[in-house]
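Here is a short briefing on one protein and its ligand.

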Amino acid sequence: MDGPPVRDHGTADPGAPTRMAPAGTIKRQRPPEALDAPVTAVDDVYLIGHFGIAQVPPDTWRLRVDGRVARPLELDLDGLRAMSSTTVTAVLECYGNPLRPREPTRRAGNVVWRGTPVSAVLDRAGAEGELLWARGHDSGVFDGRPCTEYLKDLPLAVVRERGVLAYEMNGEPLTAEHGFPVRLFVPGYFGTNNVKWLRSLTVADRRAEHLFTTELYQRPSATGALRPVRDLDVNSLVTAVRRDGRTLHVAGWAWGSSEVVGVEVGVLGDDEAWVPAELGRPAGSRYAWRRFGATVPAAGVRRVRARARDAAGARQPLTGDRNACHVVDVESGNAT
Ligand SMILES: Nc1nc2c(c(=O)[nH]1)N[C@H]1C(S)=C(S)[C@@H](COP(=O)(O)O)O[C@H]1N2
Ligand SMILES: [Mo]
């Protein structure tokens with residue numbers, strides 16, 4: 001065949017673009033104090049769609065698996081649901097606005113994900129390669145840049161080890177907003193990688209050149225070279241501050257791609273004192289968040305904050321970066 005390859009959208013009507021409703025970047029989130037439950041209710045899970053919300057009809061939906069595979073395949077929803085399923089409770093966290101990547105946005109939730117292990121589909125296809133390109137059905141304009149699709153490239157070994165083709169959140173089918181009918185979820189990775197409205201998986205040996213792969217969602221490594229935004233940073237949220245006579249109870253959630261091994265609560269009055277918090281077990285898998293709590297004397301305390309550290313030795317910065325300590329004003333309850 002001459003000319004550039006025609007892209008197969010993997011649907012009954014390959015030419016029809018998916019309807020975006022609403023179209024245009026959409027963001028929604030609840031304040032940290034609404035995130036106090038161990039598992040975040042779907043309505044309280046923040047929402048990000050760079051191009052809006054894709055409305056994908058389930059009956060014509062297909063997942064296409066191609067690229068460096070022995071047996072390219074297409075699965076419909078029943079076919080995918082008929083395969084083995086897995087359930088994992090893990091944190092979904094947004095890296096933040098890719099145009100202002102050092103700003104904390106406090107968008108996180110802990111969700112029970114259920115779906116087909118990506119490994120089952122990759123094994124069926126006979127996949128062998130370095131990277132997995134995951135494409136979504138959504139398209140539109142982000143930051144003035146028109147895109148025909150949302151695309152991420154991920155290390156195949158990691159996706160094979162723990163990735164899920166998720167069709168349920170908290171025991172309910174995915175909502176349109178969160179990626180119906182199927183999205184990718186990789187525990188321990190930032191939200192940007194968890195492609196919603198999944199359309200295809202392509203096994204490849206090189207990075208995908210795209211606005212959301214090699215341009216945005218890149219961060220400097222120790223050497224200064226850019227690396228893709230993947231592993232979750234160590235982070236925490238203060239979700240409850242309660243005064244009880246002369247004491248103050250401070251609690252919240254801490255998480256990261258590496259296990260959280262300690263949280264300190266900073267108590268700010270005229271001075272700042274740091275108190276070690278008690279740590280609960282992860283509320284789910286090792287990629288779920290874990291509870292922390294501390295009880296401190298209330299006298300003179302104006303603000304509190306939390307600082308988590310992980311098994312790899314990383315600690316949240318006090319200020320100045322996306323995972324900087326979350327500070328809560330004790331009187332107003334207002335977070336910064
Ligand atoms: N197809 C598609 N997938 C996507 C996005 C998107 O815009 N399109 N946004 C990503 C980002 S940046 C985040 S943080 C999560 C948000 O998932 P949620 O809206 O279900 O909370 O989805 C990711 N997957
Ligand atoms: Mo995000």
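How many nonpolar, polar and charged residues does the shell around ligand 1 have? The shell has 10 nonpolar, six polar and three charged residues. Here Ala, Val, Leu, Ile, Met, Phe, Trp, Tyr, Cys and Pro count as nonpolar, Asp, Glu, Lys and Arg as charged, and the others, Gly among them, as polar.

This is a predicted model, where local features need pLDDT of at least 70, side-chain atom pairs count only at pLDDT 80 or more, and totals for chains, interfaces and linings use all residues. Residues are numbered from 1 along each chain as its sequence is written, chains are lettered from A and ligands numbered from 1 in the order in which they are written, and side-chain values use heavy atoms, with hydrogens and water left out.

**The shell**
- In total, 19 residues surround ligand 1, with a heavy atom within 4 Å counting as near.
- The closest are Y46, H50, D138, H178 and K196.
- Strand β3 (residues 47–49) gives the largest share, three residues; strands are DSSP runs of E, at least two residues, numbered from the N terminus.

**Polar contacts** (N or O pairs within 3.5 Å)
- A polar side-chain atom of H50 lies 2.7 Å from an oxygen atom of ligand 1.
- In the side chain of D138, an N or O atom is 2.6 Å from a nitrogen atom of ligand 1.
- For H178, a side-chain N or O atom is 2.6 Å from an oxygen atom of ligand 1.

**Overall size**
- The C-alpha trace of the protein spans about 75 × 40 × 35 Å along its principal axes.

Technical notes
Polar contact = N/O pair within 3.5 Å; in protein donor to acceptor, adjacent residues only side chain to side chain. Helix = DSSP H or I, 4+ residues; strand = E, 2+ residues; numbered from the N terminus.
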